[in-house]
Amino acid sequence: MKKENYWFWIEPYVYLSMIDNKALLYNTLDKNLIESNDRDVISLLNKTIDRNNGGVAYLGKEMLQKKSIVQFIELLRKYYMGDIMDAKFSNSKPIQLLPYCDLNYDRGIYKKQNFSPYSDILNKLLEIKFHLKSLSESEKFLPILEAIPENICLVFSIQEKGDISDNFLKFLDRYKSMKDFSFSYINIPKINFNEISNIRIKITMEFPINKSIWMESKLIIENLHCDIEYIIDVRSEEEYDYFETFFYENHIDKYQIRPKYTGENMDFFKKCVFLDKEDILSSDLSIKDIIANQAINIYDFGKINIFENGDVYANIHHPKLGNIFEDTIYELVQKEVDEGCSWFRIRDQYPCNKCLYQWLCPSPSDYEILLNRPNLCNICTEKQHV
């Protein structure tokens, strides 16, 4: 590089994290990574992200005499993360658009973005999940279901076998958005869903499998000509291996394995669930994904849970919002937006707020609640309890 004055910038598809005089740059296009704790590099990056500088920092001749700055720029160019331009080729300072995320956590920004007006509030509702003992309980929710917009996914988690009313079947036929039903393999009802559009069936299983019941259920499943996925709760590596063999023997290739916390299998969770640096960086994240992690909980946002008695929760582990038979769906969603702790539960607490990978990690899940931990990783471990 010539010893001239330059303009310096970071490309807009590069995520930049700076904490405690350390910097991480992550290329969302090819997943390359640069980390630095060099004082001069940190100073240059701080100038670059200063909003008054418009994403471009002035790089004087004296800075280019520093070996760490030259090496850093060479790395940026190698991984297409940033560049410099001779200042004499520009009559004025160039502007670079950076993906800022500026959120006011008192929810003020959400009100500005039309979360609060009742005319728009249901646009933020993406999924309603009903937790029912049997399908026959769905009849009493029909007036509510008939009134909701058709862009919402409906999920029905059913515990026991039961009949389904003709009125409810007619509603399912009319409702054009996705409709999910979750049954244990022990309690799959003999219902003809085949002529209803956008039906998905999720079949839950736990170890050990009752083979005689499975053979009966398998005959019912074979007549369900719709999208079917198996959801498996496992508590150990032995159970995981058992189901891998089970699915192979039964020619099942669409399944999801969910670790189940018992209070006594922390070693299993640490080995199979906790994230390492390599796990975090292997995720296929875009800039939009990273910004979403700073704003909302990707697991809970837009979802509510309704139980048989009408009680409504955004997350079943958090306080209830109200009751669907006493409050309107507008009021319940509005309450979560204004006061709730589920939709906007993000990694803004210690130790995540002291970690360079803070927003590369997925949102806090139910596991953090069940394990009473702020994070499930092997990176930030100091001062944590199990």
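**Labels and cut-offs**

Modeller: Of the 386 residues of the protein, 47% count as buried. This is a predicted model, in which local features need pLDDT of at least 70, side-chain atom pairs count only at pLDDT 80 or more, and totals for chains, interfaces and linings use all residues. Residues are numbered from 1 along each chain as its sequence is written, and side-chain values use heavy atoms, with hydrogens and water left out.

Colleague: Why is serine 17 called buried?
Modeller: Buried means under 20% relative accessible area, exposed over 50%, and partly exposed in between (1.4 Å probe, protein chains only). Serine 17 has 5% relative accessibility, so it counts as buried.

Colleague: What is serine 17 in contact with, leaving aside its neighbours within four places in sequence?
Modeller: Contact means heavy atoms within 4.5 Å. On that basis serine 17 touches Lys22, Ala23, Leu24 and Leu356.

Colleague: Why are H1 and H2 called oblique to each other?
Modeller: Helix H1 (residues 39-49) and helix H2 (residues 67-78) pack at an angle of about 60°. Angles under 35 degrees count as roughly parallel, over 145 as roughly antiparallel, 65 to 115 as roughly perpendicular and the rest as oblique. H1 and H2 are therefore oblique.

Colleague: Which residues in H1 and H2 meet?
Modeller: Asp40, Val41, Leu44 and Leu45 in H1 meet Ser68, Ile69 and Phe72 in H2.

Conventions: Axes are lines fitted to C-alpha atoms, for helices over the stretch in contact, and angles run from 0 to 180 degrees between N-to-C directions. Helices (H or I, at least four residues) and strands (E, at least two) are DSSP runs, numbered from the N terminus.
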